[in-house]
Amino acid sequence: MGTKDKITYDCLRGCKIITTPEGERDIQYDYRSCKLSVFNWLSQVYQDEYNSLFEVRFKNTHKCVYKNSTGQRIKAKDIVVVEAQNGYDVGIVTLSGPNVAMQLKRDRIDYRNYEFRQIYRKARPADIERWQEAIAREHSVMIRAREIAASLNLNMKIGDVEFQGDGTKAIFYYIADERVDFRQLIKVFAEEFRIRIEMRQIGARQEAGLIGGIGVCGQELCCARYMNDFQSITTQAARCQELSLNPQKLAGQCGKLKCCINYEAPAYMDAQQRMPRVTEPLQLEDGEAFLMKTDILGRKMWFSYDKSNFSNLYSLSSREVREIIHLNREGKKGRSLMAEQQVNAAEPEFKSAVGEESITRFDKTGKRSRPHRNHRHSGKEKRD
């Protein structure tokens, strides 16, 4: 690669394009800009039954597994021409070997009986040139398609357009809350763009995966990084974690409940089963204690004698609460919380260091020091 070569990154297809001053193009796979990328940790493992299976990546989260029946030597990062329903498509090989079979197993596909589409050959310069010309049309076609859909008063949103490698077909990804009759829309699209049209409906979570972005955690969105199947998420998962039911905090960039709410929900539900159920105030020697808050994972419960006051809280472990509940069922009262926890009552477990140190503590507050005298002159005065 020369110093005058121009490098552009195509993050939609996970590659970088190196253009020489003479106009020649070299397209290289770049895993760092790929959605749903997979680390091939079995790259050094070779098994004959998997050697013909390859995962080929297209645009965004669109990737499929193809079979190499021609005996060509194909490896990861190669640009290949593959079989399509009509014509051919161009993609980048991103995975090979036993890891492909593991991906198929996750998708519940039996690779022994499944009819895979074929890999025709490695892409030639003419194939790559035509592929890039088709890619260059995608953005303008998407903008025009949105204008046409709005003019037909269709309640739908076209989120993305993906051209086939030979430029003869395009997939229009759209979102709609209700069923849409787009028969007239397809006719207008075919007359306007002179290509075959395929309409593919996606959900809001899939759209967020296509677009990508950074979540509130500071990392790439899970739907763009590794998720390919989306489970239903309910507010019950947030309730069991005692999260605030604030739609602005619980909603992701897709407008739906965050997928990460489900990550820790099983751990909280399992820990919640080990906590005692407090349905009524605890009967103590000096009055009734009301449950104010619970630390499920820490197995601690905080009680107060005044159910409207959070200032004086007393913590009890789940074991101690069970003992008091057992005493109450026998008609006995538990010991006073004040007598046992006067020292530790209502002390926060985490302390903030904000404000403990002044931001001016390093400023010089004393008098300005006098300049040092010249040692040479001072020695001369002493000798005189």
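This is a predicted model: local features need pLDDT of at least 70, side-chain atom pairs count only at pLDDT 80 or more; totals for chains, interfaces and linings use all residues.

Rings came up in my search as 7 aromatic pairs. My rule: rings of Phe, Tyr and Trp (its six-membered ring) pair if their centres lie within 6.5 Å; planes under 30 degrees apart are stacked, over 60 edge-to-face, and the rest tilted. I took Tyr114 and Phe116 to begin with: the ring centres are 4.9 Å apart and the planes stand at 65°, so I logged the pair as edge-to-face.

Residues are numbered from 1 along each chain as its sequence is written, and side-chain values use heavy atoms, with hydrogens and water left out.

Tyr114 is partly exposed at 45%. Phe116 is buried at 10%.

I turned to Tyr174 and Phe182, another edge-to-face pair, with 5.5 Å centre to centre and 70° between the planes. Tyr174 is buried at 7%. Phe182 is buried too, at 18%.

I also found Phe172, Phe189 and Phe193 linked by ring pairs into a cluster.

Next, a charge over a ring (NZ of Lys or CZ of Arg within 6 Å of the ring centre and within 35 degrees of the ring normal). Lys293 lies over the face of Trp302, 4.8 Å from the ring centre.

Then the cores. I counted a nonpolar core as buried Ala, Val, Leu, Ile, Met, Phe, Trp, Tyr and Cys residues joined through side-chain atoms within 4.5 Å. The largest has 25 residues, and Leu282, Phe303, Leu316 and Leu337 have the most contacts inside it. Among the elements that each supply at least two of its residues are helix 8 (265–273), strand 14 (300–304) and helix 9 (318–329). I took helices (H or I, at least four residues) and strands (E, at least two) as DSSP runs, numbered from the N terminus. A second, separate core of 22 residues includes Ala134, Ile158, Ala176 and Ile197.

Last, the backbone. Most residues other than glycine have a negative phi. Arg194 has a positive phi of about 60°. I placed Arg194 in the loop between helix 3 (183–193) and strand 11 (196–201). Arg194 is exposed, at 70%. Glu242 also has a positive phi, near 55°. I found Glu242 in the loop between helix 6 and helix 7 (247–250). Glu242 is partly exposed, at 46%.

Conventions
Buried means under 20% relative accessible area, exposed over 50%, partly exposed in between (1.4 Å probe, protein chains only).
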